[in-house]
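Hi,

Here is the structure I said I would pass on to you. Have a look at it first, and then read my notes below.

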Amino acid sequence: EGEAKPAEGEVAEAAEEEKEKVDPEKLRSEAFKYYELALKNLDELIGPWNSPGGKVAADQSEQKKKAMPAAYSLVGWCYDGLATISPGQEKLNYLRKAQSAFGRFVNKYPKDGKRVPAAMSRIGTIYAELNDHKMAAQTLDELAQKFPDSKEGKKALFLLARSMYEVKNYSKAVEAANTMFD
């Protein structure tokens, strides 16, 4: 009529054996390789391929117009991903590279209402993670002003309030907190 179901203890034992097979360092190494490969390909696309005389430089298609902002944005997310799997100083270096890449993207495509709020949010959050609350507050305030109706713009108010509190600008912290509840 049906297959015999394993006893509860057997299921737990099998799950524990499966968990033991996962090597975190191997997973980290694989993720690192894929991020590096993605960065190599993205750098090629936005660099030599898109430079005058490059493989896609003359292409004016809608597909390219959509692909280029995505490529610039993805460079930041790749560096950010590398930061999440890297220790110590290496992590800090990747966070700074992510911040720089997001900044280049925001400067090149400031009207990309889909990706710019997320990039600005991450820039501000990285500043906060690096304990540069003044720059975090400046970036998050700009995000909240430019994209107040975006998910990231609304979240920025909370992070802004926190950063303003950290730099002892209590009136601005209260103002940001009050704006969240308007």
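A quick definition before anything else: a residue is called buried when its relative accessible area is under 20%, and exposed when that area is over 50%. Please also keep in mind that this is a predicted model.

On confidence, the protein has a mean pLDDT of 88, with 91% of its residues at 70 or more. Helix H4 (residues 88-108) comes out highest, at a mean of 97, while helix H1 (residues 8-21) is lowest, at 69.

Now to Arg122, which sits in helix H5 (residues 116-129). Is this arginine, Arg122, buried or exposed? Its relative accessibility is 14%, so Arg122 counts as buried. If you set aside the neighbours within four places in sequence, Arg122 is in contact with Trp77, Asp80, Leu95, Phe102 and Glu129.

Next, the pair of helices H7 and H8. Helix H7 covers residues 151-166 and helix H8 covers residues 170-180; the two pack with their axes 8 Å apart, at an angle of about 165 degrees. Angles over 145 degrees count as roughly antiparallel, and H7 and H8 are therefore roughly antiparallel to each other. Their crossing is left-handed. On the H7 side, the contact is made by Leu157, Phe158, Leu160, Ala161, Met164 and Tyr165. H8 brings Tyr170, Lys172, Ala173, Ala176, Ala177, Thr179 and Met180 to that contact. Sorted by class, the contact of H7 with H8 has 11 nonpolar residues, 1 polar and 1 charged.

Last, some backbone angles to look at. Most residues other than glycine have a negative phi. Lys168 is not a glycine, yet its phi is positive, at about 65 degrees. You will find Lys168 in the loop between H7 and H8. With a relative accessibility of 59%, Lys168 counts as exposed.

Asn131 is another residue other than glycine with a positive phi, in this case near 65 degrees. Where is Asn131 placed? It lies in the loop between H5 and helix H6 (133-146). Asn131 has a relative accessibility of 61%, so it counts as exposed.

Cheers

Methods
Residues are numbered from 1 along each chain as its sequence is written. This is a predicted model: local features need pLDDT of at least 70, side-chain atom pairs count only at pLDDT 80 or more; totals for chains, interfaces and linings use all residues. Side-chain values use heavy atoms; hydrogens and water are left out. Axes are lines fitted to C-alpha atoms, for helices over the stretch in contact, and angles run from 0 to 180 degrees between N-to-C directions. Helices (H or I, at least four residues) and strands (E, at least two) are DSSP runs, numbered from the N terminus. Angles under 35 degrees count as roughly parallel, over 145 as roughly antiparallel, 65 to 115 as roughly perpendicular and the rest as oblique. A crossing is left-handed if the near helix is turned anticlockwise from the far one by less than a right angle, and right-handed if clockwise. Contact means heavy atoms within 4.5 Å. Ala, Val, Leu, Ile, Met, Phe, Trp, Tyr, Cys and Pro count as nonpolar, Asp, Glu, Lys and Arg as charged, and the others, Gly among them, as polar. Buried means under 20% relative accessible area, exposed over 50%, partly exposed in between (1.4 Å probe, protein chains only). pLDDT is the predictor's confidence in each residue, from 0 to 100.
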